[in-house]
Amino acid sequence: MTIELHTWNTPNGRKISVALEEMGLPYKVIPVNIAKGEQMAPAFLAISPNNKIPAIVDPEGPDGKRVSVFESGAILLYLGEKTGKFLPRPLIERIPVLEWLMWQMGGFGPMPGQVHHFIALENEADRAYGLKRYMAETRRLYGVLDRRLADREFVAGPLTVADFAILGWAWRHPRHKVELSDFPHVEQLVQRADGAPCHQRGMEAKLD
C-alpha cells in the first residue's frame with residue numbers, strides 16, 4: 001500500500017522523498033504548508049507531536065498495522081529497517097551509518113538552518129552576528145564532510161540512509177552561501193547523486 005508523506009519543500013522533506021524513490025516504495029505527498037501554519041493543525045499534530053515536517057503514515061507497518069513516524073532521521077531508519085535497504089544489518093557496518101546520520105541531525109541541518117534564518121532578515125544589525133557565527137560553523141561542517149569523503153564515495157562506505165540525510169541539506173548549498181568547489185569531495189558526492197535517476201526523481205517530486 002501507499003505511504004503518506006506529509007511534508008513541504010524543505011531539505012528535511014527532500015531526505016524522505018529521495019529515500020522513498022531509492023527504496024522503490026510507493027508514496028503520495030500530502031503537502032503541509034508551513035508558511036501558512038498548517039503544521040499546527042490538530043490532524044498533523046496527531047502524527048507529528050513536535051509540529052514539524054516531515055512525517056509519514058505507513059498503512060502496512062509492523063505486523064501489518066498502520067503506523068506514523070515523525071522526525072526525518074527516525075523516518076529514514078524506519079524505512080531502512082522496513083525494506084532492508086541502505087541500512088546494513090551487521091552492527092560493525094551500521095555504526096558509521098548511525099554516526100553520520102546523527103552528525104547530520106545534530107549539526108549539518110541545524111547550523112545551515114540558522115543561516116537560512118539570519119540571511120532572510122532585513123535589518124543588517126540583526127543579520128550580522130548570526131550570519132558570522134552560523135556561516136562559520138556551516139563551513140566547518142562542510143569541511144568535516146569533505147575530509148570524510150576524501151577516500152570513500154559515501155560517508156559509511158556504500159550508499160545508506162545517512163547519505164540521503166546529508167544530501168537533503170547539501171542540496172541547499174547556494175542558500176548556505178557555500179561554493180561546493182571549496183569542498184571538492186562533497187561536490188563529487190552531490191554530482192554522483194544528481195546522476196542517479198532515483199535521486200533525481202526524489203529531488204524533483206512535488207512537495208508543495
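This is a predicted model: local features need pLDDT of at least 70, side-chain atom pairs count only at pLDDT 80 or more; totals for chains, interfaces and linings use all residues.
Two helices, α1 (residues 11-23) and α4 (residues 91-106), each give at least two residues to the lining of the largest pocket.

Rolling a probe the size of a water molecule over the atoms shows where empty space is left. The largest pocket has a volume of about 510 Å³. Its lining is made up of 20 residues, and the closest to the centre are T10, N12, K52, I53 and W169. Sorted by class, the lining has eight nonpolar residues, nine polar ones and three charged ones.

Some of these names come up again in the loop between α2 (residues 42-45) and β3 (residues 55-58), where P54 is placed. The peptide bond that leads from I53 to P54 is cis, and its omega is near 5°. I53 is also among the residues closest to the centre of the largest pocket. N51 lies in the loop between α2 and β3 too. Its phi is near 55°, which is a positive value in a residue other than glycine.

The two helices named at the start each pack against another helix. Two packed helices are described by the angle between their axes and the distance between the axes.

Take α1 and its partner α7 (residues 161-170). They pack at an angle of about 140°, and their axes are 8 Å apart. Angles over 145 degrees would count as roughly antiparallel, so α1 is described as oblique to α7. The crossing of this pair is right-handed. On the α1 side the contact involves P11, N12, K15, V18, A19, E22 and M23, and on the α7 side V161, F164, A165, G168 and W169. By class, eight of the contact residues are nonpolar, two are polar and two are charged.

The crossing of α4 and α6 is left-handed. P96, W100 and W103 of α4 make the contact with L141, V144, L145 and R148 of α6. This contact has six nonpolar residues, one charged residue and no polar ones.

Notes
Residues are numbered from 1 along each chain as its sequence is written. Side-chain values use heavy atoms; hydrogens and water are left out. On a 1 Å grid over the protein atoms alone, a cavity is a set of points where a 1.4 Å probe fits but cannot get out, and a pocket is an open set with protein on both sides within 12 Å along at least five of seven lines; lining residues have an atom within 4 Å of a point. Grid points are joined across faces, edges and corners, and a volume is the space filled by probe spheres set on the points. Helices (H or I, at least four residues) and strands (E, at least two) are DSSP runs, numbered from the N terminus. Ala, Val, Leu, Ile, Met, Phe, Trp, Tyr, Cys and Pro count as nonpolar, Asp, Glu, Lys and Arg as charged, and the others, Gly among them, as polar. A crossing is left-handed if the near helix is turned anticlockwise from the far one by less than a right angle, and right-handed if clockwise. Contact means heavy atoms within 4.5 Å. Axes are lines fitted to C-alpha atoms, for helices over the stretch in contact, and angles run from 0 to 180 degrees between N-to-C directions. Angles under 35 degrees count as roughly parallel, over 145 as roughly antiparallel, 65 to 115 as roughly perpendicular and the rest as oblique.
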